[in-house]
2 protein chains.
Amino acid sequence: MAENDKREEILELGKFGLIAKLSEKFQIHHASTLSGIGCDAAVLKSSKNNSLLSSKIFLENVHFDLTYFPLKHLGYKTIAVAISDILGMNGTPTQVVVNIAVSNRFSIETVNELTTGMQLCCNRYKIDLIGLDLTTSQSGLTIAVSVSGEVESEDLVKRNGAKENELICVSGDFGAAYTGLILLEREKKVFEVDPNSQPDFDGYDYVLERQLKPEPRLDIIEALKKENIKPSAMINVSDGLASALINLCKASHMGCDIFENKIPIDAVTFQTLKEMKIVATTIALNGGEDYELLFTIPQSDYEKIKKVENISIIGYIKEAVAGY
Amino acid sequence: MAENDKREEILELGKFGLIAKLSEKFQIHHASTLSGIGCDAAVLKSSKNNSLLSSKIFLENVHFDLTYFPLKHLGYKTIAVAISDILGMNGTPTQVVVNIAVSNRFSIETVNELTTGMQLCCNRYKIDLIGLDLTTSQSGLTIAVSVSGEVESEDLVKRNGAKENELICVSGDFGAAYTGLILLEREKKVFEVDPNSQPDFDGYDYVLERQLKPEPRLDIIEALKKENIKPSAMINVSDGLASALINLCKASHMGCDIFENKIPIDAVTFQTLKEMKIVATTIALNGGEDYELLFTIPQSDYEKIKKVENISIIGYIKEAVAGY
């Protein structure tokens, strides 16, 4: 309880005081950010043809469990997840607006840790945090992140452009984040039974990091641009590879053939799931929270895509069949 | 329990099916909306110099109580509140992105009612709903609304432009929404003691409507433009008139003199508070949820502002004094 003596109460500083204090740590990276935190709305100046807008909401005990989720990681992840949606449109994420709802269970240090994680992600991906609001919650922590981005008309990629015989590509690998979640949930249960137990996470770093600190694939968007590849359709894989494939095919009025043995699964993910007697492909298809990119390209781009690292071709687009 | 037999379960339709179904009711009003619900992010085309971005979050039992808050009104209010922030910058609200988190306590009908209310507000104020996502909550209902708007550079008004001797103006009246809340909370307590009691809200329509279905002051923004008045500073009054005054003065490095008897309070608000032996000015200053506009204009605009309906001059800007 001694620790509590040191903790700063949110009430002491007041809502606006705390917002001002937390705001100081965020830098501005984009000329399009004319004015940020401090007014009713942020002001942006469009330099590109189109702007992109998306938002995500994160609820305690639904999207994260604070018994094992470090706040700094959580802050990082909320920004990473939100900006992934802009990448899914082949756009550049530029600004975020954040709303945080906390109960009196949380101290200023909590909110500070959370926003420090946000700041790390914002700096890494050159995102301007231009809105920050705090509100009260009855018990849990809730975070909403709105993200704005930009894209030239000719670069915009939607879900509906996939054509017959095109190659289906994915970045990175699948199932790791969900495998990390299974591990964390398992250790939580062990800890509940024996509070003296120490979690043994040796060798599981990769799957844990994929769960706790996912990285949006800005590198892939940049690499595709460098190789002059514009996908015909693209989607951010957030709810699982299977769900993303269905959504892309539906939007394009197409079907697909996927080769199970081509679905990229990391060795650690595979081994961890094997130990738990879980079929890796099931998790790779349905686990979710991968935040990888799924996209289609014409076969004529095959030589070009081979030059891009971390890309796997997992199948091809075919005509939609009845009953699909 | 018979009612439950009829209710459609969210699970039956699936997340994406439900989103598609709910999306159908929303119309597109703006040419700047290039593409809305259905991709990772919405696509906007800027027609004005600057875009504006803001977001709000609404939590059950913090921001609303479903025991007396009709879902349709709630949907309407979430949009109304969010777009008020764009008006506070002298901008035109154009698009919203909505995230709804619901537990299995809620049926499709719940989400349908909620989005119908959102639709009513969107249609009334010509707002394009361009993003709609659903997620799970453990118990309560949580709603996040991101709003985008536009404004020409020369029309943009921030909080920090107030100058000495300028007139402080407000739209509408204050304290009504909070008075409505007191009434609703009182009747809830009566109902908890005697479930057969019927609430008696006769004559209280105005204050109840201000709480349950606030209207953003787009009319004021349009009227000011018509009279060629550009405020030197402006703010959306959401957390109470006193808080808004402090924020505007602080941002402008100014002080102010306010005439208590000039603060507009509706007769119903005044009478209701009098019955409850509450000082009306206290509620008018600190009640909150008014969503009126507070702005400053030079004295030379006095003749012009007199032509705008629903505006009160409540004081003037003066130099900041030490210790303020």
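1. In this predicted model, strand E8 of chain B and strand E10 (residues 292-297) of chain B run antiparallel and are joined by five bridges. One facing pair can be named: B:Ile235 stands opposite B:Leu294 in E10(B). A student may wish to locate these two residues before reading further.

2. The pairing belongs to a wider arrangement. Five strands of chain B form an open sheet with antiparallel pairing, and their order is E8-E10-E7-E11-E9. Which strands lie at the edges? They are strand E8 (233-237) and strand E9 (254-258) of chain B, each of which pairs on one side only. On average, neighbouring strands of this sheet are turned by 30° against each other, direction ignored.

3. Strand E8 can also be examined in chain A. There, five bridges join E8(A) to strand E10 (residues 292-297) of chain A, and these two strands run antiparallel. Within this pair, A:Met234 stands opposite A:Phe295 in E10(A).

4. The relation between the chains deserves a separate remark. Chain B is superposed on chain A by a rotation of 180° with 0.0 Å of shift along its axis, and the RMSD is 0.0 Å. The two copies are thus related as by a two-fold rotation axis. Moreover, the same surface serves both copies, since 100% of the contact residues of chain B recur in chain A. In general, two copies of a chain are related by a rotation about an axis and a shift along it.

5. A disulfide is a covalent bond between the sulfur atoms of two cysteines. How many disulfides are counted over all chains? The count comes to zero. A:Cys121 is in no disulfide, and the nearest cysteine sulfur, that of A:Cys122, is 6.3 Å away. A:Cys121 is buried, with a relative accessible area of 0%.

6. B:Cys169 is buried, with a relative accessible area of 0%.

7. B:Thr179 is found in helix H6 (residues 176-193) of chain B. This residue is buried, at a relative accessible area of 0%. Which residues does B:Thr179 contact, leaving aside neighbours within four places in sequence? The contacts are B:Val207, B:Thr269, B:Thr272, B:Leu273, B:Met276 and B:Ile283.

8. B:Glu154 lies in the loop between strand E6 (142-151) and strand E7 (167-171) of chain B. With 52% relative accessibility, B:Glu154 counts as exposed, because the cut-off for that class is over 50%. Apart from neighbours within four places in sequence, B:Glu154 is in contact with B:Asn49 and B:Lys230. B:Glu154 and B:Ala267 are 113 residues apart in sequence, and their C-alpha atoms are 38 Å apart in space.

Key
Residues are numbered from 1 along each chain as its sequence is written. Chains are lettered from A and ligands numbered from 1 in the order in which they are written. This is a predicted model: local features need pLDDT of at least 70, side-chain atom pairs count only at pLDDT 80 or more; totals for chains, interfaces and linings use all residues. Side-chain values use heavy atoms; hydrogens and water are left out. Copies are superposed by least squares on the C-alpha atoms of residues with pLDDT of at least 70 in both. Contact means heavy atoms within 4.5 Å. A disulfide is a pair of cysteine sulfur atoms within 2.5 Å. Buried means under 20% relative accessible area, exposed over 50%, partly exposed in between (1.4 Å probe, protein chains only). Helices (H or I, at least four residues) and strands (E, at least two) are DSSP runs, numbered from the N terminus. Two strands pair if DSSP finds at least two bridges between them. Axes are lines fitted to C-alpha atoms, for helices over the stretch in contact, and angles run from 0 to 180 degrees between N-to-C directions.
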